[in-house]
Amino acid sequence: MQVRPGFVLRESDLTWRFSRSGGPGGQSVNTSDSRVELSFDARRSPSLPEPLRERTLERLAGRLVDGVLTITASEHRSQLRNREAALSKLITTLRRASGPPPPVRRPTSPSARAVQRRIADKKHRAELKRQRRLD
């Protein structure tokens with residue numbers, strides 16, 4: 001599965017775990033392991049190129065435990081659909097984390113019209129408050 005050019009996820013990079021989903025389910029509740037946990041070791045994976053690895057580790061720092069990203073899916077009743085959902089979430093997360101940095105914002109100054117409008121609004125608000133005091 002290609003995440004981005006130069007970064008292809010291999011099945012050997014992924015670790016799957018299955019467990020029982022919580023919540024209501026009728027007669028079949030707590031009998032099938034439909035909840036899916038998908039783990040990807042971003043720190044040690046040979047699939048992840050070094051420049052992308054640094055960027056990914058930095059951006060996902062709050063979600064990683066010892067360099068491992070874990071995605072959970074339990075929204076579907078079938079394990080297969082939860083596996084597909086978890087894989088889709090993982091690819092989306094890795095695409096965002098390994099993408100190029102956003103363009104640098106150049107600071108701009110407000111237009112003359114915007115400054116006039118702001119001052120006019122402030123004067124109007126001050127006038128309203130002054131009128132309330134007089135009443």
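**Surroundings of Arg53 and overall chain form**

Arg53 touches Ala42, Arg43, Arg44, Ser45 and Leu48, leaving aside residues up to four places away in sequence. These contacts come from a predicted model. Arg53 sits in helix α1, which spans residues 50-59. Its relative accessibility is 11%. Arg53 therefore counts as buried, since the cut-off for that class is under 20%. The backbone oxygen of Ser45 lies 2.9 Å from a polar atom of the Arg53 side chain.

The chain as a whole holds 3 helices and 5 strands. Read from the N terminus, the elements follow the order β-β-β-β-α-β-α-α. The radius of gyration is 26 Å, well over the 14 Å that the globule rule gives for 135 residues, so the chain is more spread out than a compact globule. Along the principal axes, the C-alpha atoms fill a box of roughly 75 × 45 × 25 Å.

Of the contacts between residues at least 6 apart in sequence, 63% join residues at least 24 apart. Buried residues account for 27% of the 135 residues, and Arg53 is one of the residues counted as buried.

The accessible surface of the chain is about 9800 Å². Carbon and sulfur atoms contribute 51% of that area. Charged side chains comprise 29 positive and 14 negative ones. The centres of the two sets lie 10 Å apart.

Conventions. Residues numbered from 1 in each chain as written. Predicted model: local features only at pLDDT ≥ 70, side-chain atom pairs only at ≥ 80, totals over all residues. Heavy atoms only, no water. Helix = DSSP H or I, 4+ residues; strand = E, 2+ residues; numbered from the N terminus. Buried < 20%, exposed > 50% of the residue type's maximum accessible area, 1.4 Å probe, protein only. Polar contact = N/O pair within 3.5 Å; in protein donor to acceptor, adjacent residues only side chain to side chain. Contact = heavy atoms within 4.5 Å. Rg over C-alpha atoms; globule rule 2.2 N^0.38 Å. Areas by Shrake-Rupley, 256 points an atom, 1.4 Å probe, with all protein chains shown as cover. Lys, Arg positive; Asp, Glu negative; His and termini not counted. Charge placed at Lys NZ, Arg CZ, Asp CG, Glu CD.
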